[in-house]
Amino acid sequence: QVQLVESGGGLVQPGGSLRLSCVASGSIFDINAMAWYRQAPGEQRELVASITGDGRLNYADSVKGRFTISRDNGKNTVYLQMNSLKPEDTAVYYCVDMWDDTWGQGTQVTVSS
């Protein structure tokens, strides 16, 4: 019943910014913890950021100070604002509903000059 749809990925130059969006349906979005994961080619899946229903935040060390996770419960949407992007941020980014362990289809982020 839970479905997540990511959008906002694309090609960006190093130092640039992107904002990823994830629209959720079929869950009690306002109380569920949400997260962004990413997986680069040849690498293991990595937790990038998470946000609880009451707004507590957590970030991977590699993105602290550059990425911001947020949510708009009225829109059933979680965001990942990515600034100062680096080539090593290149990956497929996935939105995850932590309560249901439901994953979106992913959106590609490529950081390259």
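The largest nonpolar core of this predicted model has 28 residues, and those touching the most other members are W36, V78, L80, M82 and Y93. By nonpolar core I mean a set of buried Ala, Val, Leu, Ile, Met, Phe, Trp, Tyr and Cys residues joined through side-chain atoms within 4.5 Å. Buried means under 20% relative accessible area, exposed means over 50%, and partly exposed lies in between, with a 1.4 Å probe and protein chains only. Strands β3 (18–25), β4, β5 (46–51), β7 (67–72), β8 (77–82), β9 (91–97) and β11 (107–111) each supply at least two residues of this core. The most come from β3, with 4 residues. Strands here are DSSP E runs of at least two residues, numbered from the N terminus.

A word on the basis of these values. Residues are numbered from 1 along each chain as its sequence is written, and side-chain values use heavy atoms, with hydrogens and water left out. Because the model is predicted, local features need pLDDT of at least 70 and side-chain atom pairs count only at pLDDT 80 or more, whereas totals for chains, interfaces and linings use all residues.

Let me turn to β9. Of its 7 residues, 6 are buried, so β9 is largely enclosed by the rest of the structure. What does β9 pair with, if pairing requires at least two DSSP bridges between two strands? With β4 it pairs in the antiparallel sense over 6 bridges, and Y94 in β9 is the bridge partner of Y37. With β11 it is joined by 3 bridges, again antiparallel, and V92 stands opposite Q108 there. With β10 it pairs antiparallel over 2 bridges, V96 standing opposite W103. The β9–β10 hairpin has 4 residues between its strands, and D101 in the turn has a positive phi of about 50 degrees.

Finally, the aromatic rings. Rings of Phe, Tyr and Trp (its six-membered ring) pair if their centres lie within 6.5 Å; planes under 30 degrees apart count as stacked, over 60 as edge-to-face and the rest as tilted. The count is 2 aromatic pairs. The ring centres of Y37 and W103 are 5.0 Å apart with planes at 40 degrees, so this pair is tilted. Y37 lies in β4 (residues 34–39) and W103 in β10 (residues 102–103), so the pair ties together parts 66 residues apart in sequence. Y37 is buried at 17% relative accessible area, whereas W103 is partly exposed at 28%. Y94 and W103 form an edge-to-face pair, 5.7 Å centre to centre with 65 degrees between the planes.

Note on methods:
Pairing = 2+ DSSP bridges.
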